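The following paragraphs lead through the packing of a single protein model. Please keep the sequence and the coordinates in view while reading.

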Amino acid sequence: LLWHMSSQDKTVRKLDSLYLGPKNDIDINHINSSLNNESIQYNITPDQVADIIADKNAVALFQGRSESGPRALGNRSILYDPRDPNGKDIVNQFKKREWFRPYGASVLENEYKEYFDLDWVSPYMLYNSKVTTHKFPAITHKDGTCRIQTVSENHDKYYSLLSEFKKLTGYSVLLNTSFNLQGSAIVGKVSHAMEVFDKTDADVLVLGDEIITK
């Protein structure tokens, strides 16, 4: 804003990414020394994470640079299986949110029309869409809609996770909500991620290529 005010530069530039926040280095040795009742597994792969989610486990995800904007987009997210009829209540409970609060979803960009009635991509999770299937009760609001994020191959790690989830379940869709508790900011530092993880009922914390389980 200051740049535009001072320079009067009115050039329109394409927005290619909202992953503009800080990238925190993950010091596994430091994390390992601070664990209490958790265990750590190294060098995990997207198919392993997808398998954990498909088993109805909530996964907190902390990777890369944080999102800039109103939505978690797969770098500071809590993920859950959208097929679980009790999924919304489960996630609302450990995020300490009101029972009626809905959840958004992430879906592969080349497949979103299979599940949602939307005529354009939604990479920043800003558009509501009618859900055209009954397979995802955890993300379908009372009015039959869901706010969706379409994920392209530009976000290779998150794209790979959604692809692996489809291999397991047949669906390239995940419940995606911000990695925080009600009334607090989305996690910024690794230490903050560990603190929030300890306070929730999330089962697994993915830190980059490592995984921490309670």
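Predicted model: local features only at pLDDT ≥ 70, side-chain atom pairs only at ≥ 80, totals over all residues.

Residues are numbered from 1 along each chain as its sequence is written, and side-chain values use heavy atoms, with hydrogens and water left out.

Leu-205 is also among the residues with the most contacts inside the largest nonpolar core, together with Phe-116, Ile-139, Val-173, Phe-179, Leu-207 and Ile-212; this core has 36 residues. A nonpolar core is here a set of buried Ala, Val, Leu, Ile, Met, Phe, Trp, Tyr and Cys residues joined through side-chain atoms within 4.5 Å. Buried means under 20% relative accessible area, exposed over 50%, and partly exposed in between (1.4 Å probe, protein chains only). The elements that give two or more residues to the core are β2 (59-62), β3 (76-80), α4 (87-95), β4 (104-108), β7 (145-151), β8 (173-178), α6 (190-199) and β9 (204-207). Helices (H or I, at least four residues) and strands (E, at least two) are DSSP runs, numbered from the N terminus. Helix α6 gives the most to this core, with 5 residues. A second, separate core has 20 residues, including Val-49, Val-59, Leu-174 and Ile-211. In soluble globular proteins, nonpolar side chains tend to be buried together.

Attention now turns to helix α3. In α3, the residues Val-49, Ala-50, Ile-52, Ile-53 and Ala-54 are buried, and the buried residues of this helix pack against β2, β3, α5, β8, β9 and β10 (210-213). The axes of α3 (residues 46-54) and α5 (residues 156-169) come within 8 Å and cross at roughly 55°. Axes are lines fitted to C-alpha atoms, for helices over the stretch in contact, and angles run from 0 to 180 degrees between N-to-C directions. The two helices α3 and α5 are therefore oblique to each other, given that angles under 35 degrees count as roughly parallel, over 145 as roughly antiparallel, 65 to 115 as roughly perpendicular and the rest as oblique. The contact brings Pro-46, Asp-47, Val-49, Ala-50, Asp-51, Ile-53 and Ala-54 of α3 to Ser-160, Leu-161, Glu-164, Phe-165, Leu-168 and Thr-169 of α5. Just after α3, Lys-56 takes a positive phi of about 65°.

Asn-92 lies in helix α4 and is buried, with a relative accessible area of 3%. Leaving aside neighbours within four places in sequence, Asn-92 is in contact with Arg-97, Glu-98, Trp-99, Arg-101 and Tyr-103. With the same exclusion of residues up to four places away, Glu-98 touches Asn-92 and Gln-182. The loop between α4 and β4 also holds Lys-96, a residue other than glycine whose phi is positive, near 60°. At 46% relative accessibility, Lys-96 counts as partly exposed.

Gln-8 is found in the loop between α1 (2-7) and α2 (28-34). Although Gln-8 is not a glycine, Gln-8 has a positive phi of about 60°. The C-alpha atoms of Gln-8 and Glu-98 are separated by 45 Å, and the two residues are 90 residues apart along the chain.

Conventions
Contact = heavy atoms within 4.5 Å.
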